[in-house]
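I opened the model to look up a few side-chain contacts and the strand pairing. My notes follow in the order I checked things.

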Amino acid sequence: MKSLPLAKGRLAPVLDAAGRRALAQRMLDHVLGTLRQAGLPSIRVASGAGDDSDLNRDVTEAARTVQAEGATDLLLVMADLPYLSVPDIEALIEAGRKSPVVIAEAKDGGTNALLLRPPTVLEFTFATQRPSARLHVERARSVGIEPAIVRRPGLSRDIDTPADLAQLVSDHPVYHVFRHVA
């Protein structure tokens with residue numbers, strides 16, 4: 001994820017920097033809590049520091065690190081998924097029994113989660129101004145893997161735009177604190 005002070009920049013028209021930071025922290029806490037509830041044995045946060053942060057570089061480094069430490073699988077989940085639930089995580093893991101590459105597609109065609117076995121099996125293609133889920137599918141196929149695609153509301157509904165935030169405030173009591181801006 002981007003560093004908290006830089007997170008959720010597309011919400012700047014409706015949320016000041018402190019509000020964006022608070023929202024990003026609340027969503028990160030939710031995602032981490034959901035992963036813990038799902039019983040994952042190890043959870044880490046991959047986050048760049050400063051203005052030169054690059055998501056692809058940061059997650060590539062994280063994948064290499066965990067693989068060097070002996071991890072055989074990597075579940076990568078974006079931090080802005082306030083609707084994420086334990087059954088969503090279970091669906092990703094179940095799909096991982098059928099393919100070494102599992103992709104959870106965002107509502108806009110982006111990628112909100114990946115399950116990879118081994119962790120470095122795929123070159124990451126986040127934030128390329130093109131729908132990254134399709135690019136991740138192409139990358140998997142280019143190395144002879146037919147990926148599994150998981151489409152679930154908790155995995156697809158990230159918060160990127162003022163309309164996303166307005167819907168979240170309407171849907172989710174924990175986020176009502178942001179109602180004055182959405």
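I started with R57, which is partly exposed at a relative accessible area of 42%. The terms I use are buried for under 20% relative accessible area, exposed for over 50%, and partly exposed in between, with a 1.4 Å probe and protein chains only. R57 forms a salt bridge with D58, and their closest N and O atoms are 3.9 Å apart. D58 is buried, with a relative accessible area of 14%. I count a salt bridge when a side-chain nitrogen of Lys or Arg is within 4 Å of a carboxyl oxygen of Asp or Glu.

Before going on I noted the ground rules. This is a predicted model, in which local features need pLDDT of at least 70 and side-chain atom pairs count only at pLDDT 80 or more, while totals for chains, interfaces and linings use all residues. Residues are numbered from 1 along each chain as its sequence is written, and side-chain values use heavy atoms, with hydrogens and water left out.

Next I checked confidence. pLDDT is the predictor's confidence in each residue, from 0 to 100. The protein has a mean pLDDT of 90, and 92% of its residues reach 70 or more. I take helices (H or I, at least four residues) and strands (E, at least two) as DSSP runs numbered from the N terminus.

How many salt bridges does a search of the whole structure find? It finds twelve. I looked up several of them. R97 and E94 meet through their side chains at 2.5 Å, N to O. R97 counts as exposed at 62% relative accessibility, whereas E94 counts as partly exposed at 38%.

I then took R151 and E105, whose salt bridge has its closest N and O atoms 2.9 Å apart. This pair links distant parts of the chain, 46 residues apart: R151 is in the loop between strand 4 (148-150) and helix 5 (153-156), and E105 is in strand 2 (residues 101-105). R151 counts as exposed at 62% relative accessibility, and E105 is partly exposed with a relative accessible area of 22%. I also noted a network of salt bridges that links K107, D158 and D164.

From E105 I moved to the strands. I call two strands paired if DSSP finds at least two bridges between them. Strand 2 and strand 3 run antiparallel and are joined by five bridges; A104 stands opposite A113 in strand 3. Their hairpin has five residues between the strands, and there G109 takes a positive phi near 90 degrees. Strand 3 (residues 111-116) also pairs with strand 1 (residues 74-77) in the antiparallel sense, over four bridges. L114 in strand 3 is the bridge partner of L76. Is strand 3 mostly covered or mostly open? It is mostly covered, with six of its six residues buried.

Last, I looked at rings. I pair rings of Phe, Tyr and Trp (its six-membered ring) if their centres lie within 6.5 Å; planes under 30 degrees apart count as stacked, over 60 as edge-to-face and the rest as tilted. By this rule I count one aromatic pair. The ring centres of F124 and F126 are 5.9 Å apart with planes at 20 degrees, so the pair is stacked. Both F124 and F126 are buried.

I also found the charged end of R157 over the ring of Y83, 3.8 Å from its centre. The cut-off here is NZ of Lys or CZ of Arg within 6 Å of the ring centre and within 35 degrees of the ring normal.
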